[in-house]
Amino acid sequence: MSVLLKARKALGVCLTGCRHLSQLAELPETHQILRQTCRDYADRELTPIAARLDREHSYPAKQIQELGAMGVMAMVVPEELGGAGMDYLAYSLAMEEISRGCASTGVVVSVNNSLYIGPILKFGSEEQKHQWITPFTTGEKVGCFGLSEPGNGSDAGAASTTAHQEGDEWVLNGTKAWITNSWDASATVVFATTDKKLKHKGISAFIIPMPHPGLSLGKKEDKLGIRASSTANIILENCRIPQGNLLGSVGAGFKIAMQTLDSGRIGIASQALGIGQAALDCAADYAHKRTAFGAPIGKLQAIQFKLADMAVALESARLLTWKAALFRDANKPFTKEAAMAKLSASEAATFCSHQAIQVLGGMGYVTDMPAERHYRDARITEIYEGTSEIQRLVIASQLLKEYQS
């Protein structure tokens with residue numbers, strides 16, 4: 001009997017694995033429809049204005065609200081809270097297509113879904129979910145995420161921002177750095193030290209409305225890429241919030257941050273795929289149209305090799321990203337898979353955007369063509385939500401644990 005039970009269990013695992021493999025080979029029909037819908041929207045509404053948004057550092061408010069109406073601003077949020085009620089694979093597909101049209105719009109979508117809504121959805125109370133998620137599903141409001149500081153960089157456990165209780169309030173002091181969406185956000189999830197003696201176990205998470213007394217913003221950073229999204233410091237000076245704005249339990253902040261970043265890395269991997277795909281599209285189109293030595297340059301082996309290498313890098317990273325999303329949807333551990341996805345996709349985006357400029361030559365270096373913007377946009381994907389070096393550390397750590405067990 002025990003042998004039959006083991007066989008049945010093994011068969012269940014096998015069938016589950018086969019379903020996962022089939023989704024990697026061919027997307028379910030609902031996901032294909034979603035992907036095409038987002039692709040059509042990006043082609044129609046984002047690609048034509050992406051250069052202007054970049055040039056003018058202009059927040060795409062109208063487009064964000066339209067994406068909210070489509071359900072893209074709250075992909076995995078249950079319908080009863082105002083979201084689309086879809087899975088993380090759907091979110092990944094939407095993120096890639098939106099970012100293919102405009103990487104700046106993509107990062108606004110990513111931060112709202114993964115970094116702001118994500119931790120509240122997972123760790124918030126029912127009251128917090130209705131108060132701080134539902135109004136942020138339509139695109140009329142977006143949120144942001146305050147973890148990094150001027151002095152801690154990749155050392156997320158070294159938060160110098162502090163929070164202490166006074167009566168029925170929390171009082172926060174400190175500065176958060178590199179906060180995407182900051183100038184356009186209506187709320188933020190912020191991490192602060194509540195007990196220095198406990199180090200990373202003494203960090204807690206809080207929800208702060210924006211604007212709010214005691215909270216101010218630094219200057220908008222003049223960035224290399226993703227210039228239509230705002231990035232600035234959040235400065236907290238005796239910022240008082242109700243006790244009910246504590247997210248999760250006291251001391252759970254570091255765990256909340258790390259689990260949030262795992263999911264966020266799938267979003268950024270998808271953004272990177274979109275940028276890389278846009279670069280490949282640009283290069284392939286130019287290779288067809290540009291004539292040299294009496295024929296289109298796409299006939300030249302040197303150009304063909306570049307296009308082939310770009311396609312392989314992108315497709316490999318895409319499958320890793322979908323695998324990470326499927327693992328998350330199946331409630332399986334996905335820390336390693338998310339890090340692999342982000343590492344491979346971000347480096348593929350940087351590689352493809354570099355190669356696209358080589359294919360275009362001088363035309364790749366001027367703003368008449370989108371190749372230079374893709375090159376600038378791609379670079380940040382290897383830095384935010386964990387640098388490529390941090391991803392390698394995460395992958396190695398998880399890998400060594402697997403071998404030890």
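S99 counts as buried, because its relative accessibility is 2% and the cut-off for burial is under 20%. The model is a predicted one. S99 sits in helix 5. With neighbours up to four places away in sequence left aside, the contacts of S99 are G106, Q271, G274 and I275.

## Aromatic pairs

Four aromatic pairs are present in the structure. One of them joins Y88 and Y91 in an edge-to-face arrangement, with 4.9 Å from centre to centre and 70° between the planes. Y88 and Y91 both belong to helix 5, which covers residues 88-101, and they are three residues apart, about one turn of the helix. An α-helix has 3.6 residues a turn, so residues three or four places apart point the same way. Y88 and Y91 are both buried.

F145 and F191 make up another edge-to-face pair, at 5.2 Å centre to centre and 65° between the planes. F145 is part of strand 1 (residues 143-146) and F191 is part of strand 4 (residues 187-193), so this pair ties together parts that are 46 residues apart in sequence. Both phenylalanines, F145 and F191, are buried.

## A lysine over a ring

F327 has a charged neighbour: K332 lies over the face of its ring, 4.2 Å from the ring centre.

In soluble globular proteins, nonpolar side chains tend to be buried together. In this model the largest nonpolar core comprises 93 residues, and L67, V109, Y116, I120 and F191 have the most contacts inside it. Helix 8 (residues 253-289) supplies the largest share of this core, 15 residues.

Which residues does Y116 touch, not counting residues up to four places away in sequence? They are V111, W132, F136, G143, C144, A187, T188 and V189. Another core, of 17 residues, lies apart from the largest one; C144, A163, A192 and I241 are among its members.

## Helix 6

Helix 6 runs over residues 103-123 and has 21 residues. From its first C-alpha to its last, helix 6 reaches 29 Å, close to the 30 Å expected at 1.5 Å a residue. Helix 6 bends by about 45° at I117, and the proline P119 follows within four residues.

Definitions and conventions:
Residues are numbered from 1 along each chain as its sequence is written. This is a predicted model: local features need pLDDT of at least 70, side-chain atom pairs count only at pLDDT 80 or more; totals for chains, interfaces and linings use all residues. Side-chain values use heavy atoms; hydrogens and water are left out. Rings of Phe, Tyr and Trp (its six-membered ring) pair if their centres lie within 6.5 Å; planes under 30 degrees apart count as stacked, over 60 as edge-to-face and the rest as tilted. Helices (H or I, at least four residues) and strands (E, at least two) are DSSP runs, numbered from the N terminus. Buried means under 20% relative accessible area, exposed over 50%, partly exposed in between (1.4 Å probe, protein chains only). A charge sits over a ring if NZ of Lys or CZ of Arg is within 6 Å of the ring centre and within 35 degrees of the ring normal. A nonpolar core is a set of buried Ala, Val, Leu, Ile, Met, Phe, Trp, Tyr and Cys residues joined through side-chain atoms within 4.5 Å. Contact means heavy atoms within 4.5 Å. The expected span of a helix is 1.5 Å times one less than its number of residues. The bend at a residue is the angle between axes fitted to the seven residues ending there and the seven starting there.
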